[in-house]
Amino acid sequence: MAAKKTITNKAVEEESSSSRRDFIKKSGLFTALALTPPSLVMASDNKWDEKIAEYLETVPLSLEVNGVKHNINVEPRTTLLDLLREQLLLTGTKKGCDHGQCGACTVHVNGTRILSCLSLASMQQNAQVTTIEGLSKGKKLHPMQEAFIKKDGFQCGYCTPGQIMSGIACIKEGHANSREEIREYMSGNICRCGAYHNIVDAITEVKEGGKPL
């Protein structure tokens, strides 16, 4: 009987403690609302609080993309890929795995190929970025773009922008001296359609053609 009474008393104490905590939370909330200046309430109604929060949570970024300079504010966690696609509306760079494994998001930063899904936009201060949209000169395609069309280096085309960007870098890096070497240094770009043979053909043609990249 004593044990049962102890259990009952313990349950009552826990319930009472929970009620006190709930009361304190609600009292604190009501007090905060009561003390809030009318100007802040009006700012909240006009969503100025959200705008101020957005401003405080972003960092300024200056960079050049495809020859165009941009001065913008980005969230520290924004990737270069999301900046290109969502803020600058350059959707040629594709989001594939978003884990740096497929190569669909490959772009050039200061002449070096990188996986834009693994790079924070805020780390590209004053950088020069080139995407697939920046390769052609008006209607004149880049030699690698022409070679991919000629050699049928794509099927569905989703991975093609990343393949082309990596293909150009492969030649510039000096890693296109044989078909085996091309395969090795293009291995970070995945093609689910299996157009690898034609992709190697396209890169080989550009390398042997000696056109400026």
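Buried means under 20% relative accessible area, exposed means over 50%, and partly exposed lies in between, with a 1.4 Å probe and protein chains only. This tour uses those words throughout a predicted model, in which local features need pLDDT of at least 70, side-chain atom pairs count only at pLDDT 80 or more, and totals for chains, interfaces and linings use all residues. Residues are numbered from 1 along each chain as its sequence is written, and side-chain values use heavy atoms, with hydrogens and water left out.

**The whole chain**

Start with everything selected and coloured by secondary structure. The chain has eight helices and five strands; these are DSSP runs, with helices being H or I of at least four residues and strands E of at least two, numbered from the N terminus. Their order along the sequence is α-α-α-β-β-α-β-β-β-α-α-α-α. Of the 213 residues, 32% are buried.

Select N66, in the loop between strand 1 (59-65) and strand 2 (68-74). Its phi is near 55°, a positive value in a residue other than glycine. Is N66 buried or partly exposed? N66 counts as partly exposed because its relative accessibility is 25%.

**P76**

Next, go to P76, in the loop between strand 2 and helix 4 (80-87). P76 has a relative accessible area of 41%, so it is partly exposed. Leaving out residues up to four places away in sequence, P76 touches E57, T58, V59, L120 and S122; contact here means heavy atoms within 4.5 Å.

**Helix 5 and its cover**

Select helix 5 (143-150). Which residues of helix 5 are buried? They are P143, M144, Q145, A147 and F148. Just after helix 5 comes D152, with a positive phi of about 55°. D152 sits in the loop between helix 5 and helix 6, and its relative accessible area of 44% means that D152 is partly exposed.

**The nonpolar cores**

Stay with M144. Beyond its neighbours within four places in sequence, M144 is in contact with I164, G167, I168, I171, A202, I203 and V206. A nonpolar core is a set of buried Ala, Val, Leu, Ile, Met, Phe, Trp, Tyr and Cys residues joined through side-chain atoms within 4.5 Å. The largest such core has 21 residues, and M144, I164 and I203 touch the most other members. Helix 5, helix 6 and helix 8 (196-209) are the elements giving two or more residues to this core. Apart from it lies another core of 15 residues; select L63, L88, V107 and A127, which are among them.

**The largest pocket**

Finish at G134, L135, K137, H142 and L213, the residues nearest the centre of the largest pocket, which has 16 lining residues. On a 1 Å grid over the protein atoms alone, a pocket is an open set of points where a 1.4 Å probe fits, with protein on both sides within 12 Å along at least five of seven lines; lining residues have an atom within 4 Å of a point. The volume is about 260 Å³, taken as the space filled by probe spheres set on the points, which are joined across faces, edges and corners. Highlight strand 3 (106-109), strand 5 (128-130) and helix 6 (160-172): each supplies at least two residues of the lining.
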